[in-house]
Amino acid sequence: MGDGDEMGHEELLTADVEARVLAEADRWLRAGLSTEPCDRPRAEASVAAVYRAHGLPVPRTVVWMDSPLGGAPASWVLRHGREDRLDGTLFTDLAAGPPLRLSPEFARRAEERMRGQLPAAGDGRLPAGRARRPLTGTFWDTSEARTRLVRALGEPLYDTLGLHWERGESGAYELEEEMSRVLSRSTDPAPGRFGGLVRRRLQDRLRGPVPEHIVRPVRVMDVITPPPPPSREEIYFRQEFGGRLDSWSAARELIHWRCMLAAAGLPGSPALEALQEALYQVGAWWPLEDAVVLTERPVVLLHQGATDTTTTHVRIGYADGWQVEDV
């Protein structure tokens, strides 16, 4: 591969690589549309493997919640080390609790669920926690895969292969076109839509004014139509509740990197392999230092669309009663 820059990208797109992409795309689709309960021991083992792949201790605190609406405040509590404040009012206390609107009944059940999974001190009270750093950026680092690909292929071929991978509509990379068809076939929704919808509905539950220190960035890009910068509400939501991983939002890019390595004839990345497996096993999760919040898959996942695809109805329901709908 040392002379990879003399090679065309077509030579890397073998039948084996095509079979792998299509198989993984199909598995991702099944995981993204699944309403089966998580196999919790298997899920926890797969998440532990992600930590070990990055040389980090397996988290001693594992909290399971039934939905992302339960997982978001649970992750906030662990991130800020507020376990000792789980007194039945933290999730509804505007002054002390997470800035997320929850109904009193939902908040009570979610707080009880979380409290019952944390170790109690000798006097029966929960011990004071410590602030924990989110690990999403660490787990999502693909720089090692990129470095290996550039070293093996050379910068020009790496850029060409990556460009054709991303531009499936151009016809230059038929494999990506086929993958897009698999993921967007008319009988099934694209799972990515579910992830974006859940994130928006969570963000809609932010309460209170956005703090003054949250400033919307000025985005300067040398393109004709740059995407708008995130709103202050979105920045605030990411700061307080960001770091959620799920198969709806993340698996496609992981398939990209892992199959790029396979196309170049390189060994897989243990860290990316472990992360991909965890995404298949868990509904959504927030990785933190020495702690992790895991959530179950939905119990209801409906997608109805008109024949012209201009009208769709999505409904996502969770065991704790939270429902997400979009028409």
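Helices here are DSSP runs of H or I with at least four residues, strands are runs of E with at least two, and both are numbered from the N terminus. Before going on, I noted that residues are numbered from 1 along each chain as its sequence is written, and that this is a predicted model, where local features need pLDDT of at least 70, side-chain atom pairs count only at pLDDT 80 or more, and totals for chains, interfaces and linings use all residues. Side-chain values use heavy atoms, with hydrogens and water left out.

Is V50 buried or exposed? V50 is buried, with a relative accessible area of 0%. Buried means under 20% relative accessible area, exposed means over 50%, and partly exposed is in between (1.4 Å probe, protein chains only). I then listed what V50 touches, leaving out residues up to four places away in sequence: F139, A274, L275, A278 and W285. Contact means heavy atoms within 4.5 Å. I also checked V50 against Q276: they are 226 residues apart in sequence, yet their C-alpha atoms are 9.1 Å apart in space.

**The whole chain.** I counted twelve helices and six strands. Of the 327 residues, 48% count as buried. Among contacts between residues at least 6 apart in sequence, 71% join residues at least 24 apart. The chain exposes about 15,800 Å², and carbon and sulfur atoms supply 51% of that. Those areas come from the Shrake-Rupley method with a 1.4 Å probe; for residues, only the protein chains shown count as cover.

**Cores.** Next I went looking for greasy patches. In soluble globular proteins, nonpolar side chains tend to be buried together. A nonpolar core is a set of buried Ala, Val, Leu, Ile, Met, Phe, Trp, Tyr and Cys residues joined through side-chain atoms within 4.5 Å. Which members of the largest core touch the most other members? Out of its 42 residues, they are L78, L86, F91, M114, I316 and W322. Several elements give two or more residues to this core, including β1 (61-65), α4 (104-115) and β5 (312-317). Helix α3 gives the most, with six residues. There is also a second, separate core of 28 residues, and L135, L149, L245 and M260 are among them.

I zoomed in on I316. Not counting residues up to four places away in sequence, I316 touches F194, L197, V198, W248, P298, V300, L301, W322, Q323 and V324.

**Helix α10.** I wrote down the buried residues of α10: E234, I235, Y236, F237, E240 and F241. Just after this helix, G243 takes a positive phi of about 95°.

**The sheet.** I found an open sheet of three strands, in the order β1-β3-β2, with mixed pairing. β1 and β2 stand at the edges with a single partner strand each, so one side of each has no neighbour in the sheet. Neighbouring strands here are turned by 10° against each other on average, direction ignored. For that angle, axes are lines fitted to C-alpha atoms (for helices, over the stretch in contact), and angles run from 0 to 180 degrees between N-to-C directions. β2 and β3 pair in the antiparallel sense over five bridges; two strands pair if DSSP finds at least two bridges between them. Here A284 stands opposite T295 in β3.

**Salt bridges.** How many salt bridges are there? I got 19, taking a salt bridge as a side-chain nitrogen of Lys or Arg within 4 Å of a carboxyl oxygen of Asp or Glu. R258 and E273 meet in one at 2.8 Å, N to O. R258 lies in helix α11 (residues 247-263) and E273 in helix α12 (residues 270-281), so the pair ties together parts that are 15 residues apart in sequence. R258 is buried at 7% relative accessible area, whereas E273 is partly exposed at 29%. Salt bridges that share partners also join E105, R108, R109 and E112 into one network.

I looked at D93 and R85 too: their closest N and O atoms are 3.5 Å apart. D93 is partly exposed at 24%, and R85 is partly exposed at 23%.

**Last stop: P127.** P127 is found in the loop between α4 and α5 (136-139), and counts as partly exposed at 36% relative accessibility.
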